[in-house]
Amino acid sequence: MKDYLATMGILLLASGPCYAQELVGMVPDPEAEYSPYITHDYPNQVFFGDTHLHTAYSADAGLVGATTTPDDAYRFAKGETVTSSNGIEARLQRPLDFLVVADHAENLGLCIALEEENEEVLATDWGKGLFEAFAPRTHEAKAEAYVYWGSAFAMGDGGDPLKDTSLQETMWQRLTDAAERHNDPGAFSAIIGYEWTAGPDGNNLHRVVMLRDGKAEADQVVPFSSYDSEDPEDLWDWMARYEDLTGGKVFSIPHNGNLSNGLMFDDVTRSGEPIDDAYAERRMRWEPVYEVTQIKGDGEAHPMLSPDDAFADYGTWDVGSFGPELKTPEMLPREYAREALKRGLAYEAALGVNPFKFGMIGSTDSHTALATTTEDNFFGKVSVVEPTNDPVRFEEQITGRFTPDDPSDDIVHAQALAAGLAAVWARENSREAIWDAFARKEVFATTGTRLRVRVFAGADFVESDLERSDFAAHGYANGVPMGGDLSGLTEAPKLLIRALRDPDAANLDRLQVIKGWVDGDGETRERVYDVACSNGRAIVDWSCEGDVGNTVDVPSATYTNAIGDPFLDTFWEDPDFDPNQRAFYYVRVLEIPTPRWTTYDAAFFGVDLPDGIEPTHQERAYTSPIWYTPRS
């Protein structure tokens with residue numbers, strides 16, 4: 001720097017005083033802000049990740065064959081080649097941006113402890129019996145140990161059989177160690193979390209607990225498990241204590257309402273009391289988003305609840321749970337996201353608070369430590385069903401085990417989805433920025449594709465805003481993004497929507513706006529509007545005229561992008577708006593038909609397609625809603 005200043009001084013002297021005065025005059029005013037981006041703080045990037053991945057540290061993964069660790073999970077998510085539990089090399093087409101290793105809190109690290117012959121575990125009578133079953137370390141021995149553990153976990157009456165050991169604390173600190181090793185702000189976020197696995201009578205109430213913080217805060221607690229309580233309100237109490245103790249932040253993400261037998265979005269609390277305003281406020285304080293799609297089915301909509309929606313029957317798992325109780329039709333409205341969002345509006349009208357005002361994400365729930373979500377690279381739900389030509393890949397039973405004489409509630413692995421992913425709009429790739437995006441609901445779900453979608457809603461947008469070079473800045477300045485709120489409008493909201501295909505996947509078929517509202521009689525209503533159609537198709541009565549077509553060659557499991565469009569955008573104004581009616585709007589993006597993972601498997605292994613499974617499907621994305629509230 002000194003050399004530079006000296007050189008400049010010589011030049012000024014040589015050039016004379018006139019030139020020096022001219023040069024001084026060229027210096028910009030230090031108060032001027034030349035760069036237009038100094039004050040920009042709105043989210044300008046999309047990050048894709050998985051908030052729900054299990055490793056061998058989960059008992060129901062390690063005891064059924066998983067040997068892969070949290071370190072393996074992070075390395076795989078970051079794009080490295082990892083060897084699966086069955087010895088198959090695996091790699092993602094593109095790395096993820098973030099990952100939550102969400103191993104089950106219940107007997108966390110149990111299989112690892114058995115492999116290490118942990119003295120504390122073996123010192124208990126229950127642990128000794130478990131190890132005797134496990135000791136041969138064969139597949140059969142691990143299966144026997146799994147049944148041994150599962151019996152204790154399912155009964156639950158006696159609490160955690162290892163509660164007097166330090167197992168949970170030890171293994172939790174190993175998990176947080178792994179997260180710290182792999183967290184790389186700006187490049188990859190290793191987010192600390194775990195799964196609370198409540199399942200009263202086998203009905204799914206599971207939540208992933210996701211921390212904003214690092215190891216220093218996380219290690220001040222041990223995970224709250226379903227051994228402690230199966231009531232979500234007790235989990236919320238624990239999260240409040242965590243924040244008070246550490247000064248950190250935390251929330252939980254429910255998933256698989258489709259396996260809850262009506263408990264996920266019930267009208268009563270676990271103690272049997274009707275939902276009230278206090279419950280509604282707490283639920284939305286601690287559960288801002290819902291995992292709407294994953295391996296165990298898609299929970300956006302159900303054809304019985306949305307009979308006019310031609311695309312509602314996607315990845316539908318509606319015949320079972322993990323317990324003995326059979327599914328009945330009256331359970332369905334309390335299991336699916338769209339219906340819950342509609343019922344939330346009705347609750348808000350009655351209570352003044354909406355208990356089901358959640359954003360939407362996807363994630364995998366894989367128990368292989370491999371977050372695979374593309375159809376041609378699907379490593380299955382658990383290690384037993386990793387890629388193979390063995391019939392177990394398609395036929396492994398997932399639900400219905402407690403009703404062996406009644407096949408009506410059986411779901412098998414061929415029905416699994418190679419899904420899903422969580423996508424967030426954020427300013428930077430860091431734990432804090434990603435957690436904050438979840439908290440404000442500026443997130444969207446995909447079934448595994450990495451298409452991008454953005455939506456803004458406001459009163460003053462016009463169609464030409466789609467063409468603005470400052471589209472995002474204008475959207476934030478004059479409206480709200482996904483997850484936002486509008487209120488007290490005197491005219492219909494206008495939506496600006498843009499979607500861009502995954503560069504490594506399929507073209508887009510259409511954009512849809514899903515609207516839910518409460519009518520003048522207090523009844524919940526919904527409508528699906530096709531708002532942009534590929535291939536130049538016209539929109540007739542808010543439906544694309546004709547199907548997009550299908551290029552899939554099933555025997556070879558191939559397709560082309562000769563149909564559809566790589567980019568769709570639209571300006572849409574609600575034609576049925578009533579300023580006195582509560583409503584929500586979210587966007588669903590559909591890709592063109594592509595081969596399902598079972599079709600890729602059939603072609604690769606030379607086996608028959610599984611019975612009853614369509615060979616093609618249409619991958620999709622769901623944005624978080626934008627809510628409208630009338631002026632009070």
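This is a predicted model: local features need pLDDT of at least 70, side-chain atom pairs count only at pLDDT 80 or more; totals for chains, interfaces and linings use all residues.
Biologist: Let's begin with the pairs. How many salt bridges does a search of the whole structure find?

Modeller: The search finds 45 salt bridges.

Biologist: What makes Asp 72 and Arg 75 a salt bridge?

Modeller: The closest N and O atoms of Asp 72 and Arg 75 are 3.1 Å apart. A salt bridge needs a side-chain nitrogen of Lys or Arg within 4 Å of a carboxyl oxygen of Asp or Glu, so the pair qualifies.

Biologist: Where do Asp 72 and Arg 75 lie?

Modeller: Both lie in helix 3 (residues 70-77), three residues apart, which is about one turn of the helix.

Biologist: Why is Asp 72 called buried?

Modeller: Its relative accessibility is 15%, and buried means under 20%. Asp 72 therefore counts as buried.

Biologist: And why does Arg 75 count as partly exposed?

Modeller: Arg 75 has 25% relative accessibility.

Biologist: Happy with that! Now, how do you know that Arg 582 and Glu 348 form a salt bridge?

Modeller: Their N to O distance is 3.2 Å, and the cut-off is within 4 Å, so the pair counts. This pair links distant parts of the chain, 234 residues apart. Arg 582 sits in the loop between strand 23 (567-573) and strand 24 (583-591), and Glu 348 in helix 12 (residues 337-351).

Biologist: Are Arg 582 and Glu 348 buried or partly exposed?

Modeller: Glu 348 has 12% relative accessibility, so it counts as buried. Arg 582, with a relative accessible area of 21%, is partly exposed, because buried means under 20%.

Biologist: Which residues are linked in a network of salt bridges?

Modeller: The network links Glu 300, Asp 309, Arg 338, Glu 339, Lys 342, Glu 526 and Arg 588.

Biologist: Finally, which residues gather in a patch of negative charge on the surface?

Modeller: Glu 273, Asp 276, Asp 277 and Glu 281 do. Glu 281 lies in helix 11 (residues 277-286).

Biologist: Why is Glu 281 called partly exposed?

Modeller: Its relative accessibility is 48%, and exposed means over 50%, so Glu 281 counts as partly exposed.

Definitions and conventions:
Residues are numbered from 1 along each chain as its sequence is written. Side-chain values use heavy atoms; hydrogens and water are left out. Patches are made of residues with over 30% relative accessible area and no salt bridge: like charges are joined within 9 Å, nonpolar side chains (Val, Leu, Ile, Met, Phe, Trp, Tyr) within 5 Å. Accessible areas come from the Shrake-Rupley method with a 1.4 Å probe; for residues, only the protein chains shown count as cover. Lys and Arg count as positive and Asp and Glu as negative; His and the chain ends are not counted. The place of a charge is taken as NZ of Lys, CZ of Arg, CG of Asp or CD of Glu. Helices (H or I, at least four residues) and strands (E, at least two) are DSSP runs, numbered from the N terminus. Buried means under 20% relative accessible area, exposed over 50%, partly exposed in between (1.4 Å probe, protein chains only).
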